[in-house]
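Colleague: Please put the model on screen, and then we can go through the rings and the pocket.

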Amino acid sequence: AFVPQTDTDAGALFILEELQATERLKLSLGGRIEHTTVDPDAQGKDRFAAADNSSKFTAGSLSSGAVYTLTPVWSLAATLGYTERAPTFYELYANGAHVATGTYERGNADLSKEKAVSSDLALRFDNGTHKGSAGVFYSHFSNYIGLLGSGRTVDDDGQDDASGIPEFNYAGVRARFSGFEAQDHWKLGENRYGSLALELSGDYTRATNLDTGEALPRIAPLRLNSGLLWELDKWQARIDIEHAS
């Protein structure tokens, strides 16, 4: 309805290495290169005129990590990485009303790869009954592909209409994500009827469009999760509750 028929082919080569540098320090290094071809077919529809030619992307990523054991219960973990991502066919070629979200979405066939440098630092613990972590994260995007409001309202054909639906455009902007997160897995007990565990997690995120200074849309600033997990032999069941601002 709002994207053309599209074939996406992707192939990747990756490597992951881990090194136990000392009794307490474990290091890891990863790399990935991926080639993606996005081939649209407008099938004669005028609204997809920009989808006549295929798009090709070669994306590379590098990551490094370290875990330092402080005590048998506590450890410190840090990561640093550079990532690239090819845009999806929605981001490239969308042009129409997306009835599920009540918006008119326009892609951009000239989008380049999404690029970011990211890092995080976390304190982990595991005492047998409780296992979890708490940490902070930061990402800087030299090109973040987001779905941004244009301020216009349009009809189903994309023409100005004061009583229509809001228009959103896929665009690449500079962006910054920062925040903190925490999670805990708590073993409540175990008997012949199975084991019960409670999982709690939450994160707070500030996502800023550095080109305008405004908050990025559709990024929940606060999320809180709770889950009850039951396990017995090969069976598992769970119920989860999530609150998102």
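Modeller: A residue is buried under 20% relative accessible area, exposed over 50% and partly exposed in between, with a 1.4 Å probe and protein chains only. This is a predicted model, in which local features need pLDDT of at least 70, side-chain atom pairs count only at pLDDT 80 or more, and totals for chains, interfaces and linings use all residues. Residues are numbered from 1 along each chain as its sequence is written, and side-chain values use heavy atoms, with hydrogens and water left out.

Colleague: Are Phe 141 and Phe 177 buried or exposed?

Modeller: Rings of Phe, Tyr and Trp (its six-membered ring) pair if their centres lie within 6.5 Å; planes under 30 degrees apart count as stacked, over 60 as edge-to-face and the rest as tilted. Trp 74 and Phe 125 form a tilted pair, 5.5 Å centre to centre with 50° between the planes. The pair of Phe 141 and Phe 177 is tilted because the planes stand at 55°, with the ring centres 5.3 Å apart. As for accessibility, Phe 141 and Phe 177 are both buried.

Colleague: How does Trp 74 count at 38% relative accessibility?

Modeller: Strands (E, at least two residues) are DSSP runs, as are helices (H or I, at least four), numbered from the N terminus. Trp 74 lies in strand β4 and Phe 125 in strand β7, so their pair ties together parts 51 residues apart in sequence. With its 38% relative accessibility, Trp 74 counts as partly exposed.

Colleague: Which element gives the largest share of the lining of the largest pocket?

Modeller: A pocket is an open set of points on a 1 Å grid over the protein atoms alone, where a 1.4 Å probe fits, with protein on both sides within 12 Å along at least five of seven lines; lining residues have an atom within 4 Å of a point. The largest pocket holds about 320 Å³ of space, the volume being that filled by probe spheres set on the points, which are joined across faces, edges and corners. Its 23 lining residues include Ala 77, Thr 79, Asp 120, Ala 122 and Arg 124, the closest to its centre. The largest share of the lining, five residues, comes from β8.

Colleague: At what distance from the ring centre of Phe 168 does Arg 218 lie?

Modeller: A charge sits over a ring if NZ of Lys or CZ of Arg is within 6 Å of the ring centre and within 35 degrees of the ring normal. Arg 218 lies over the face of Phe 168, and the distance from the ring centre is 5.1 Å.
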